[in-house]
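Before reading on, take a moment to look over the sequence and the fold together. The report below then goes through the structure step by step.

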Amino acid sequence: MRIDQVALLPTYVAVATAVLALLVDLLVPGRRGAVVGATAFGMVATAATAVGVGLGLGDAGRRTAFCIGPDQCSLVSDPAAAAVGAAFAVLALGAVALSLPLLRTGEVPVGEYCFLLACSLTGAVVLGGARDLITLIVALETLTLPLYLLVGIRRGAATGASAAVTFFVVSVVSTAVALLGAALVYTATGGVHLADIARSGASAPQLQPLLKVGMVLLLAGLAFKVAAVPAHAWAPATYDGAPLPVAAYLSTTSKLGGVVALLLVGVVAGGPVLATSGLTLAVLAVLSMTVGNLVALRQRRMVRLLAWSSVAQAGYLLAPLGALLASGGRTPDAIALVVAATVAYALFYVVLEFSAFAAVVAVRGSADGGDVADYRGLARRSPWLAAVLVIALTGLAGLPPGLAGLFAKVAVVRALLGGDAAWLAVVVALNAVIGLAYYVRAVATLFAAPAAPAAPPVSAPEPVPATVSVPATVSVAEGASVSAPSQVEAVVQVADGDPADARVRVGWPVAAAVGVAAVLAVLLGFAPQGVLELAAFFR
């Protein structure tokens, strides 16, 4: 077995980041900044190493590890793997920046938090280069397992614990289904490497029925990662119960990881049964789009709105691959087109979704996402945060000025028409129209006049005691403290004032994360050809 240690460098750096976070927390107790700084440095190094190994080293930028034959490698480092690894590292770095207000409150242990994020990043980096079913599933579970703990890591939060249990139970069931499918695929083909599965499935037609069943189960189990129907019920409860930075990271990395896994299994390994893969993904796409959009219409909480929106977005992500069902969608050119459309949409979605969650974090801090009505008048209180939310929400809806989302939906429809799946393109268009209702409603709320405060009930005055004892230190709003009665009165006066006049204060790390995400969303929208060229690495 040949092992190229250079190909494993991004994984080594990601693992070292996790260990470094624990060591710094142990050796420098009480210094949250040191732990966060070390973790952020390791994530930047992971991204740089992934790009360096994938694009600048080896024969034509390709290195392999754990190989038992010329095309039987468990891990490949190429431009596609480099792009995936760098994208995951950037998302993890953004999650760290958004987490700083939460970490300052002391609700979350900083060492364990950064360690779990880095562990999740390790699985994500391996996922981009996985080329056999064992490595693929282990990498996915390594990405997902730390997220169970991160969802419920906040001390004293019952909703977080409930959300973590929901996430865990549904994930276990989905993983069991995926493993059963993988076992049937191995039984039918005698191999676990993706190239072996494609080759053996084509040379043994008598085993294709078993291979088809295994492929359907495997794809259905992996669909959990993108929150596609029927493995979607975990997303709203989990996103709403998790700390907002964790929800931002989970909603993006899980989608991106699921798309990578579905592409590898459905297209690379599913060559002999592409029609079966296409049918499975087309059904999942139609159900996800329809259910997600219809339920999102009734949502009143911001995070649940984004969660059900992400279920619908999973349908749009899977829709291009549904073209594999038609014979015209299984030609080499059509396959290249649908894969490029899927990757491009995934990239646009990740940037827009992270922008939306980052803006919610900036508005709400470490609290929950609140109701959509709580964002009334945000354009007056903080015009730039309202602008970011407008770009993100209209982009997810496929409307200008969110040109990224508009181009993404056009790319999906174009891929479906090019793959002789016009009926699925019509379903995508109809669901996009349905989705406009809740996206536009949320955007309109940002510019609506703040609701007038209700008049307090009139009651008889109560006797006031001659003396009032005020503690020297009064706990206020998530760990902040004040030490004088005058300060307490000031806080009360602000809370009782006109909410339209309360400006949103954002720390520089959160502001940087929001700003970078918004700039990327705008730039990608104006450079769609560059996105397609990047997606060409995955063909």
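## The chain as a whole

The model described here is a predicted one. The protein has 20 helices and 5 strands as its secondary structure, and of its 539 residues, 55% are buried. Among the contacts with a separation of 6 or more, 78% are between residues 24 or more positions apart.

In soluble globular proteins, nonpolar side chains tend to be buried together. In this protein the largest nonpolar core has 171 residues, and the ones with the most contacts inside this core are Leu133, Tyr239 and Leu416. The helix that gives the most to this core is H13, residues 332-364, with 22 residues.

Which residues does Tyr239 contact, leaving aside its neighbours within four places in sequence? They are Trp234, Ala247, Leu250, Ser251, Lys255, Val303, Ala307, Ser310 and Phe357. Tyr239 is itself one of the buried residues of helix H9, a helix that spans residues 234-241 and is mostly covered, since 7 of its 8 residues are buried. Besides Tyr239, the buried residues of H9 include Trp234, Ala235, Pro236 and Thr238, and the buried residues of this helix pack against H5 (133-151), H6, H10, H12 (302-318) and H13.

Tyr349 lies in helix H13 and counts as buried, because its relative accessibility is 2% and the cut-off for buried is under 20%. Not counting residues up to four places away in sequence, Tyr349 touches Ser251, Lys255, Ser310, Gln313 and Leu396.

## Two helices side by side

Two packed helices are described by the angle between their axes and the distance between the axes. Helix H3 (residues 79-104) and helix H10 (residues 244-269) have axes that come within 9 Å and cross at roughly 170°. Angles over 145 degrees count as roughly antiparallel, and H3 and H10 are therefore roughly antiparallel to each other. On the side of H3 the contact is made by residues including Val84, Phe88, Leu91 and Leu98, while H10 contributes residues including Pro245, Tyr249, Leu256 and Val260. Sorted by class, this contact of H3 with H10 has 12 nonpolar residues, 4 polar residues and no charged residues.

Helix H10 has 26 residues and reaches 36 Å from its first C-alpha to its last, which is close to the 38 Å expected at 1.5 Å a residue. Is H10 largely enclosed or largely open? Of its 26 residues, 25 are buried, so H10 is largely enclosed by the rest of the structure.

## Residues apart in sequence, together in space

| Pair | Separation in sequence | C-alpha distance |
|---|---|---|
| Leu180 and Gly221 | 41 residues | 9.1 Å |
| Gly56 and Pro79 | 23 residues | 9.2 Å |
| Tyr349 and Ala408 | 59 residues | 8.4 Å |

Some members of these pairs can also be placed in the fold. Leu180 is in helix H6, residues 158-189, and is partly exposed, with a relative accessible area of 46%. Gly56 is in helix H2, residues 32-56, and counts as exposed because its relative accessibility is 58% and the cut-off for exposed is over 50%.

Most residues other than glycine have a negative phi, and most peptide bonds are trans. Phe66, although it is not a glycine, has a positive phi of about 60°. This residue is in strand S2, residues 63-67, and at 31% relative accessibility Phe66 counts as partly exposed. Asp420 also has a positive phi, near 60°, and Asp420 lies in the loop between helix H16 (403-418) and helix H17 (422-447).

Which peptide bond is cis? The bond from Val229 to Pro230 is cis, with omega near 10°, and Pro230 has its place in the loop between helix H8 (208-222) and helix H9.

How values were computed:
Residues numbered from 1 in each chain as written. Predicted model: local features only at pLDDT ≥ 70, side-chain atom pairs only at ≥ 80, totals over all residues. Heavy atoms only, no water. Core = buried A, V, L, I, M, F, W, Y, C linked by side-chain atoms within 4.5 Å. Buried < 20%, exposed > 50% of the residue type's maximum accessible area, 1.4 Å probe, protein only. Helix = DSSP H or I, 4+ residues; strand = E, 2+ residues; numbered from the N terminus. Contact = heavy atoms within 4.5 Å. Axes fitted to C-alpha atoms, helices over the stretch in contact; angles between N-to-C directions. Parallel < 35°, antiparallel > 145°, perpendicular 65-115°, else oblique. Nonpolar A, V, L, I, M, F, W, Y, C, P; charged D, E, K, R; others polar. Expected span 1.5 Å × (residues − 1).
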